[in-house]
Amino acid sequence: MLEREIPVVNRLGLHARAAARLVQLLAGFQSRATLIGGGREVNAKSIMGVLLLAAGKGSTVRLRTEGPDEAEAMAAAEALFARRFDEAD
């Protein structure tokens with residue numbers, strides 16, 4: 001199991017489009033993925049769960065991956081956050 005704190009740096013935070021990109025990315029991995037933020041713990045492969053966090057710019061979420069490709073899933077998700085979900089800021 002891996003667990004890391006990830007800052008939300010894109011202008012609109014984890015809004016619908018960003019959440020959809022994250023869910024789509026993580027769906028390609030076998031590992032379970034969990035996002036923790038604002039006192040909630042949600043399935044990071046569920047768009048409704050990710051949106052429930054309402055994580056805005058400047059907040060931090062904790063990502064937990066667990067499974068056979070957990071390192072790859074973590075690296076891919078961290079890169080997506082760092083790239084600001086490929087949105088123009």
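Predicted model: local features only at pLDDT ≥ 70, side-chain atom pairs only at ≥ 80, totals over all residues.
Residues are numbered from 1 along each chain as its sequence is written, and side-chain values use heavy atoms, with hydrogens and water left out.

Helices and strands are DSSP runs, numbered from the N terminus (H or I, at least four residues, for helices; E, at least two, for strands). An open sheet is formed by 4 strands in the order β1-β4-β2-β3. The pairing is antiparallel. Two strands count as paired if DSSP finds at least two bridges between them. The edge strands are β1 (2–7) and β3 (40–43), and each pairs on one side only. From one strand to the next, the twist averages 25°. Strands β2 and β3 pair over 4 bridges, in the antiparallel sense. Here glycine 37 stands opposite arginine 40 in β3.

Helix α3 lies across β1 and β4. Its direction is at about 0° to β1. Such angles run from 0 to 180 degrees between N-to-C directions, and the axes are lines fitted to C-alpha atoms, for helices over the stretch in contact.

The largest nonpolar core has 25 residues. A nonpolar core is a set of buried Ala, Val, Leu, Ile, Met, Phe, Trp, Tyr and Cys residues joined through side-chain atoms within 4.5 Å. Buried means under 20% relative accessible area, exposed over 50%, and partly exposed in between (1.4 Å probe, protein chains only). In soluble globular proteins, nonpolar side chains tend to be buried together. The residues with the most contacts inside this core are Leu14, Leu22, Leu35, Val61, Leu63 and Phe81. Two or more residues each come from α1 (16–27), β2 (32–37), β4 (60–66) and α3 (70–82). The largest share, 6 residues, comes from α3. Leaving aside neighbours within four places in sequence, phenylalanine 81 is in contact (heavy atoms within 4.5 Å) with Ile6, Pro7, Val8, Val9, Leu14, Leu22 and Val61.

The structure holds 8 salt bridges. In each, a side-chain nitrogen of Lys or Arg is within 4 Å of a carboxyl oxygen of Asp or Glu. Aspartate 86 forms one with arginine 21, with the closest N and O atoms 2.7 Å apart. This pair links distant parts of the chain, 65 residues apart: aspartate 86 is in the segment after α3, and arginine 21 is in helix α1. Aspartate 86 is partly exposed at 43% relative accessible area, and arginine 21 is partly exposed at 34%. Aspartate 86 also bridges to arginine 83, again with closest N and O atoms 2.7 Å apart.

A further salt bridge joins glutamate 66 and arginine 32, whose closest N and O atoms are 3.2 Å apart. Glutamate 66 is in strand β4 and arginine 32 in strand β2, 34 residues apart. Glutamate 66 is partly exposed, at 34%, whereas arginine 32 is exposed, at 55%.

Glu3, Glu5, Glu41, Arg62 and Arg64 are linked in a network of salt bridges. Arginine 62 is placed in strand β4 and is partly exposed, at 30%. Its side chain makes polar contacts with the side chains of glutamate 3 (3.2 Å) and glutamate 5 (2.4 Å). A polar contact is a pair of N or O atoms within 3.5 Å; within protein, one must be able to donate a hydrogen and the other to accept it, and residues adjacent in sequence count only if both atoms are side-chain atoms.
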